[in-house]
Amino acid sequence: MATEKRNTQATSTGAKDELAQAAARPAAHAASRAAASESDAGRLVLENVSARYGAFRAVKDVTLAVRPKSVTALIGPSGCGKSTLIRTINRMHETLPGATVSGSISLDGVDLYSANVDPVRARRVVGMVFQKPNPFPTMSISENVSSGLRLTGGTSKSEIEGIVEDSLRRAALWDEVKEKLKQPGTSLSGGQQQRLCIARTIAVKPRVVLMDEPCSALDPVATLKIEELIRDLAAEYTIVIVTHNMQQASRVSDETAFFSMDDDRAGYLVETGPTAEMFTNPKQALTEGYIQGRFG
Amino acid sequence: MQMDTIAKLLTQPTASERSRQRVSWVMRTLVGVSAFLAILPLVALIAFVLIKSAPYLVPSFFLNNPLDTMPGILNAIVGSLQLTGLTVLISGPIGIAGGVYLSEFASPRVVAIGETAIDVMLGVPSIVAGVFAYLVLVPVLGFSGWAAVAALSILTLPIMMRSTQEVLRLVPQAIREASLALGVPVWRTALLVSVRTALPGILTGVILAFSRALGETAPLLMTARGTNAENWLDFSTTMNAMPIVIYQYAAAADDLLIGQAWATALVLMAIALTINVLVRGRTVNSRTA
Amino acid sequence: MAGLELQRTGGLSADSLFRRITGTGLLALGIALAGLIVAFVGYSNPLWAIQSPVDFLTSATWSTGTIDENGQVVDALYGAFGALFGTAATSLIAVLFAAPIGILAAIYLVEFAPPRISAPLTFVVELIAAIPSVVFGLWAAGDLSDRLRDTIEWWIALSFGRFIPFLSEDPESPAADSVFRAGFLLAIMILPMVVAVSREFIRSVPISLREGYIGMGATKWEVIRDVILPTARIGLIGGVLLALGRAIGETVAVTMVIGNAEGVPTSLFQPGQTVASKIASNIAEASGEVAIGSMAALGLSLFLLTTIISLAVRMLIRRFAFTGGRA
């Protein structure tokens with residue numbers, strides 16, 4: 001796989017140009033973190049990424065530059081490999097039996113698949129929120145939030161308490177749960193559970209947060225709350241969100257990438273661009289058809 | 001901490017991370033070793049039984065009775081098949097009927113009570129069933145095949161009731177409702193739709209109960225007791241059975257008898273394993289508690 | 001109109017007949033259960049006429065007494081403490097070995113083994129459960145027991161025997177049979193049950209929870225330790241309890257290797273007896289209603305022990321089902 005990666009990096013000059021563009025575009029909220037250097041922006045670059053389940057190729061040659069500290073939505077019909085693709089970014093894809101990834105994914109220039117990057121470490125830097133809220137049922141609310149911190153150790157009890165509160169505040173959940181931090185995470189409502197999972201994810205201070213249809217199991221009110229939260233979090237994190245909901249994509253994202261499926265059922269990237277442009281004036285007929293079909 | 005660059009976070013392992021990875025590796029090894037240990041007994045047992053029994057597996061072993069000049073265990077093979085066969089014939093229909101009742105008719109309250117009774121009966125040790133038959137039936141019927149069949153039936157009844165109920169539970173309610181909506185009476189629906197759909201699973205339960213009864217020893221020692229004579233279908237007197245032969249010959253001081261105990265164990269094990277391979281091989285993933 | 005009515009009553013009565021026939025099946029099970037209870041309580045009654053249940057449970061003396069000049073049995077005392085002790089010791093040894101190895105093996109089958117290996121391996125483990133216990137007994141008496149004596153037992157006696165008399169053994173002449181070896185044999189026999197039940201409950205832990213923790217940067221073992229084992233905990237305990245019940249009731253295999261010695265052994269590496277092995281080896285000689293009563297009392301104690309375990313497992317597993325393992 002290593003040699004394959006090297007080859008793709010050397011040959012994909014077209015992708016390099018796009019990268020240069022993406023890097024040149026100033027991040028919308030970079031000012032809020034002046035201390036962070038340009039090399040610590042959370043710039044995610046995918047080059048010729050393919051993902052397979054055994055012999056089946058679910059994602060084909062995706063090249064995509066994700067703008068730092070913004071929200072990028074991945075949209076497209078069911079089964080076009082969007083979820084598979086974001087699972088390659090934090091190296092979750094390879095945990096399934098027979099699943100493989102080729103191509104290159106880098107974060108601020110560091111190849112996430114290089115030999116000196118341990119997948120366990122990569123997942124701390126690239127956090128993930130899942131489709132179904134999945135608080136750990138045997139842990140309390142505060143234990144859920146601190147679970148990632150306790151794994152690595154080296155954080156004192158009082159520090160942990162502070163981070164738990166801070167994370168819950170950022171996830172807009174603190175006021176609802178501050179009285180019952182010792183209760184199991186599963187005692188919360190679905191929307192609260194998903195915000196708990198977001199708090200849990202940001203507690204370990206990742207640079208990128210991946211969200212795999214985070215609202216698909218929630219009612220409209222809970223969905224709106226999560227969407228607001230996503231907008232707030234974009235000030236600090238690079239967010240990639242998979243969604244089936246066109247309105248949601250248009251509400252929360254800065255950039256949109258549209259995926260489709262070829263004749264072999266392999267997902268590929270059709271086009272990408274600023275969300276407003278994609279929804280009003282897409283370049284590809286395929287995109288236009290999908291978006292209009294969905295909007296009726 | 002916030003100030004660490006991504007490059008540093010991604011590429012530089014911390015001390016705690018190294019030890020975490022080491023623990024994960026050690027546990028992974030331990031878990032694999034445990035799986036190996038879990039199958040080791042089967043391998044060792046089969047190998048041993050094969051080696052010890054090989055010299056005694058001659059035609060006369062299968063064709064003659066214990067007192068013949070070339071002694072064999074024919075009467076035990078015949079006895080075992082008769083005892084377990086009759087046990088299944090008696091407890092099978094009763095168990096299946098009870099399972100059908102629990103799944104198709106019983107109110108939630110009866111289901112709760114019935115399931116509790118099944119759980120308790122499933123946990124009854126075979127010796128308890130044996131003592132029961134010894135105390136209650138042997139004084140009346142004497143040491144006999146009937147007493148043995150009664151003891152074995154106590155053990156197989158809950159197995160078949162549980163397996164019947166569980167496979168019937170897997171029959172989708174929609175199929176039943178479709179039949180009832182066509183005006184088919186409840187009893188015909190239960191038999192022709194539910195039981196028919198679940199029949200392979202129900203039969204699996206019956207066969208596994210047969211296999212379980214075939215290996216039972218303690219209840220037989222107190223009831224059928226064993227004999228050197230060949231007994232065809234006379235359940236009112238003592239009968240021989242393979243588990244009895246193994247148990248009694250194992251304690252003998254005679255090399256031939258000990259060898260025949262191993263050979264009988266091989267036959268018994270071969271039957272039990274063949275049944276299980278055939279049945280479970282088809283319906284992998286069946287859960288019998 | 002009349003025809004319709006006829007048909008309706010006809011259908012109803014066929015239904016209720018079928019209902020009654022199948023109901024009889026369940027009733028038969030209830031009668032068997034009630035019969036067991038009535039018989040054991042009834043037949044053990046004559047024993048309580050000459051001694052109290054407390055003596056039965058606490059005395060280690062088992063004496064059928066002597067016959068005095070009037071032809072009366074005197075000085076009989078049926079104390080089952082030795083047998084109860086042996087049952088507790090063998091089944092605890094069995095669980096001590098089988099629970100950790102069985103649960104770890106189940107973890108391997110579900111979490112680590114590729115499907116190509118997992119399916120046949122699971123199958124092989126389940127096959128062990130199909131082997132009749134008398135075959136295990138023969139194997140143990142003819143080979144395994146000696147091997148255990150010369151390896152694990154020898155090692156434990158050498159390491160701990162000096163400080164703990166209960167784990168000591170004369171290295172020159174180890175006993176021909178021992179409680180420990182019977183317990184270890186039971187461990188092998190209950191292992192498939194532990195593996196099968198544990199596997200079932202470990203598998204039932206949702207993938208979303210595993211992925212959630214992996215996504216937090218947990219190693220595979222951390223996922224097992226912090227998420228899978230705590231979530232499946234109740235089911236794992238239930239499985240071990242079920243296996244314990246099986247070990248308590250196991251008879252012939254134990255009888256063939258434990259040595260059937262009276263009283264409480266001075267060391268785990270000495271021969272002993274269990275409640276079940278005592279019944280198996282004494283019942284043929286029991287004559288007279290008191291002696292028979294003592295056998296019924298032993299049977300009753302086994303029945304009560306296993307019933308308590310069955311009910312406990314039932315309650316545990318129900319709680320698991322209701323709370324999704326949160327309780």
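1. Start with chain B. Along its sequence, chain B reads α-α-α-α-α-α-α-α-α-α-α-α-α. That comes to 13 helices and zero strands. Keep in mind throughout that this is a predicted model.

2. Next, the dimensions of chain B. Its radius of gyration is 26 Å, whereas a compact globule of 289 residues would have one near 19 Å. Along the principal axes, the C-alpha atoms of chain B fill a box of roughly 90 × 65 × 35 Å.

3. How much of chain B is buried? Of its 289 residues, 51% are buried. Contacts also reach across the sequence. Take the contacts in chain B between residues at least 6 apart: 74% of them join residues at least 24 apart.

4. How far can chain B be trusted? Its average pLDDT is 92, and 96% of the residues score at least 70. Confidence in chain B is highest in helix α6 (residues 126-136), at a mean of 97. It is lowest in helix α1 (residues 6-11), at a mean of 84. Look also at the end of the numbering. Over residues 284-289 of chain B, pLDDT stays under 50. The model has nine contacts beyond four places in sequence for that stretch. Where pLDDT is low, the predicted coordinates should not be read in detail.

5. Now the nonpolar core. The largest one has 282 residues. Among the residues with the most contacts inside it are F132(B), A133(B) and I246(B). As background, nonpolar side chains in soluble globular proteins tend to be buried together.

6. Take A133(B) as a worked case. Which residues does A133(B) touch, not counting residues up to four places away in sequence? They are V138(B), A147(B), A150(B), A151(B), P219(B), M222(B) and T223(B).

7. Chains B and C meet. The contact takes 77 residues from chain B and 75 residues from chain C. On the chain C side, helix α1 (residues 2-50) gives the most, with 19 residues. The residues of that side divide into 51 nonpolar, 17 polar and seven charged.

8. Chain A also meets chain C. The contact takes 23 residues from chain A and 20 residues from chain C. On the chain A side, the elements that give two or more residues are α4 (119-125), β6 (126-129) and α5 (141-152). Which of them gives the most? It is α4(A), with four residues. The residues of the chain A side divide into 10 nonpolar, eight polar and five charged.

9. Chain A has both kinds of element: 12 helices and 10 strands. Buried residues make up 52% of its 296 residues. Among contacts in chain A between residues at least 6 apart in sequence, 71% join residues at least 24 apart.

10. Finish with β6(A), one of the elements that touch chain C. In a regular strand the side chains alternate between the two faces of the sheet. In β6(A), V126(A) and M128(A) point one way. G127(A) and V129(A) point the other way. Are these four residues buried or exposed? All are buried. What does β6(A) pair with? Its partner is strand β7 (residues 208-212) of chain A, in the parallel sense, over four bridges. Within the pair, G127(A) stands opposite V209(A) in β7(A).

Key
Residues numbered from 1 in each chain as written. Chains lettered and ligands numbered in written order. Predicted model: local features only at pLDDT ≥ 70, side-chain atom pairs only at ≥ 80, totals over all residues. Rg over C-alpha atoms; globule rule 2.2 N^0.38 Å. Buried ≥ 20, exposed ≤ 12 C-beta atoms within 10 Å, placed from the backbone. Contact = placed C-beta atoms within 7 Å. Nonpolar A, V, L, I, M, F, W, Y, C, P; charged D, E, K, R; others polar. Core = buried A, V, L, I, M, F, W, Y, C linked by C-beta atoms within 7 Å. Pairing = 2+ DSSP bridges. pLDDT = per-residue confidence, 0-100.
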